[in-house]
Amino acid sequence: MTETIELALKTLEAQLNQPLETALEACARCGLCAESCHYYRAEPKVKHIPAFRAERLRSVYRYEHDFLSRLFPVWTGAKKLDEPTLASLTEIAFSQCTLCRRCTVNCPLGVDTPLMMRAIRAVTTASGTAPEILVMLADAAIEKGKDPSFFKDMFLEQIAEMEEQLRDITGDPTATIPVEKQGAKILYVPLAGAHTILPPAAVFNVAKEDWTLSIFEAANYGVFLADVNRAKQVAKRIVDEANRLGVKEIVIAECGHAYASYRWDVPNWFAGQFDFKVRSLIEVLADYIRDGKIKVDPTAIPEGVTYHDSCNLARNGGLIEEPRYVLKNVVRDFREMTPNRDQAICCGGGGGLVALAEYAERRIAAGKPKAEQIKQTGARIVVAACENCRLQIGDLNERYKLNVQITAITDLVVRAMRLPKPLPGHEAERLFEGEEAAVVRE
Amino acid sequence: MSDAKLSLDFKGLLCPMPVVKLAQAIKQIQVGEILEAIATDPGVMADIPAWTRSTGHELVSLDKREDKTFKFVVKRLK
């Protein structure tokens with residue numbers, strides 16, 4: 001047995017808890033999971049049935065845990081783990097499953113196939129065979145936490161420039177983007193880059209919110225690797241900042257995996273009660289509109305708008321009605337995809353797959369059912385509250401010629417707030433809106 | 001005249017895609033060679049130095065330019 005295989009098996013054993021063992025043992029092979037999977041819907045082949053994928057891990061598990069399987073592996077379909085099998089498992093877990101959990105909610109037994117895919121991801125990460133780029137991105141985030149001094153000044157410089165833009169957009173010369181403000185009520189955790197900072201900053205300023213940024217971003221590639229050790233190190237940066245600043249809540253940017261992990265996984269990883277709660281920016285936007293803290297014009301966006309439920313936000317996170325409440329307050333023509341909410345079809349970009357160039361073709365092919373859903377709505381704008389979903393739908397837009405704009409919820413809210421100037425990159429939309437509005441008035 | 005073996009255009013890409021593309025591109029040059037890239041997402045100011053630190057490559061320079069783009073030069077060290 002090679003060292004890699006030894007490490008892989010050791011990691012698999014370490015993960016065997018009751019939920020995973022139940023998933024490994026409980027499947028009735030009914031095949032009802034097939035139609036629930038976007039890979040199967042895009043290409044109806046046996047290899048795309050979730051139960052078939054899971055069987056690859058089950059066969060290894062049987063070999064290790066069933067006496068008969070060890071003696072007569074051919075009889076029971078057991079498989080001794082070797083290098084080619086590990087490579088095949090890696091490919092399955094990172095390119096044929098986005099961990100969307102649609103198969104689980106449609107399984108009569110509730111078999112958690114994505115939990116098995118996560119187990120494989122953890123095995124491959126520990127044995128050094130996981131996709132290199134995900135490991136690099138997780139390690140780069142950890143590096144930032146170890147010594148922020150190498151980027152902090154540059155970050156603050158960027159924020160100062162964004163603040164100038166913010167004042168221009170809001171028409172408020174006192175508008176600010178606070179960083180590391182002690183005692184602020186909200187610690188808003190964006191993604192890297194201006195596009196998830198400037199629009200929420202406009203909203204927070206108009207709502208007169210007591211908020212702050214830290215220097216760290218929400219994305220956590222350790223989650224995609226199913227590597228709790230790395231994921232904890234990335235998350236710890238934010239948890240420590242929230243504690244240090246004494247905030248009441250952490251508000252996560254429009255990002256599926258970051259929200260789901262901070263809301264549901266982080267409390268488990270750190271096995272403790274926090275003095276702050278975790279919410280999505282979408283929940284905060286809904287409250288601001290409900291409480292009248294921001295005024296939005298429900299006629300501001302005349303184009304047909306549809307909403308894509310990110311699996312991590314809706315099915316796995318429980319954020320289903322909040323985004324709809326916000327959108328129905330800011331768009332004139334809202335159109336649902338079918339199916340939607342907790343039965344929404346995955347776009348194909350989750351689970352870290354958008355970062356894996358080696359599987360891009362497979363990812364875009366698996367997004368065909370989502371592309372067809374979007375086409376059927378006839379909407380011109382597709383809203384997604386998750387960065388990975390937006391990147392994937394951008395690729396689908398190009399491949400399947402959807403001719404849609406893809407945007408975040410906050411960007412539409414800012415547009416509907418009718419601020420003196422549009423967000424950068426939204427100037428053309430403002431022009432379009434003006435033309436459309438003129439037609440409506442006739 | 002630039003010494004870069006590879007010049008890349010990451011304009012319009014949002015983080016982490018510049019890092020993803022950089023990680024792919026670095027394999028196309030030999031150890032000791034350099035590549036340069038232009039990006040528009042300010043996130044690269046933190047992400048690129050963090051990536052070079054964690055992967056052991058050398059960040060030769062990272063500059064914000066007058067046209068509000070970011071230019072970075074990376075040397076492959078392993």
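**Entry 1. Helices 2 and 9 of chain A**

I first looked up helix 2 (residues 18-26) and helix 9 (residues 113-126) of chain A in this predicted model: their axes come within 9 Å and cross at roughly 110°. Axes here are lines fitted to C-alpha atoms, for helices over the stretch in contact, and angles run from 0 to 180 degrees between N-to-C directions. Helix 2 of chain A is therefore roughly perpendicular to helix 9 of chain A (angles of 65 to 115 degrees count as such, under 35 as roughly parallel, over 145 as roughly antiparallel and the rest as oblique). I took helices (H or I, at least four residues) and strands (E, at least two) as DSSP runs, numbered from the N terminus.

The contact joins Pro19(A), Leu20(A), Ala23(A) and Leu24(A) of helix 2 of chain A to Thr113(A), Leu115(A), Met116(A) and Ala119(A) of helix 9 of chain A; residues are in contact if their C-beta atoms, placed from the backbone, lie within 7 Å. Ala, Val, Leu, Ile, Met, Phe, Trp, Tyr, Cys and Pro count as nonpolar, Asp, Glu, Lys and Arg as charged, and the others, Gly among them, as polar.

**Entry 2. Conventions**

The model is predicted: local features need pLDDT of at least 70, side-chain atom pairs count only at pLDDT 80 or more, and totals for chains, interfaces and linings use all residues. Residues are numbered from 1 along each chain as its sequence is written, while chains are lettered from A and ligands numbered from 1 in the order in which they are written.

**Entry 3. Helices 4 and 7 of chain A**

Arg53(A), Arg56(A), Leu57(A) and Val60(A) of helix 4 of chain A meet Thr85(A), Ser88(A), Leu89(A) and Ile92(A) of helix 7 of chain A. By class, the contact of helix 4 with helix 7 of chain A has four nonpolar residues, two polar and two charged.

**Entry 4. The sheet of chain A**

I recorded an open sheet of four strands in chain A, in the order 2-1-3-4 with parallel pairing; strands pair if DSSP finds at least two bridges between them. Strand 2 (211-213) and strand 4 (277-280) of chain A are the edge strands. The twist averages 30° from one strand to the next. Strand 1 (residues 186-189) and strand 3 (residues 249-252) of chain A share four bridges, and Tyr188(A) stands opposite Val251(A) in strand 3 of chain A. Helix 14 (residues 228-245) of chain A packs on the sheet, touching strand 1, strand 2 and strand 3 of chain A. Helix 16 (residues 281-290) of chain A packs on the sheet as well, touching strand 3 and strand 4 of chain A.

**Entry 5**

In chain B, strand 1 (residues 6-10) runs parallel to strand 2, joined by five bridges. Strand 3 (residues 58-64) and strand 4 (residues 70-75) of chain B pair in the antiparallel sense over six bridges. I found that these two strands form a hairpin with five residues between them, where Lys68(B) in the turn has a positive phi of about 70°.

The contact between the chains takes 19 residues from chain B and 20 residues from chain A. Helix 2 of chain B gives the most to the side of chain B that touches chain A, with nine residues.

Conventions. Contact = placed C-beta atoms within 7 Å.
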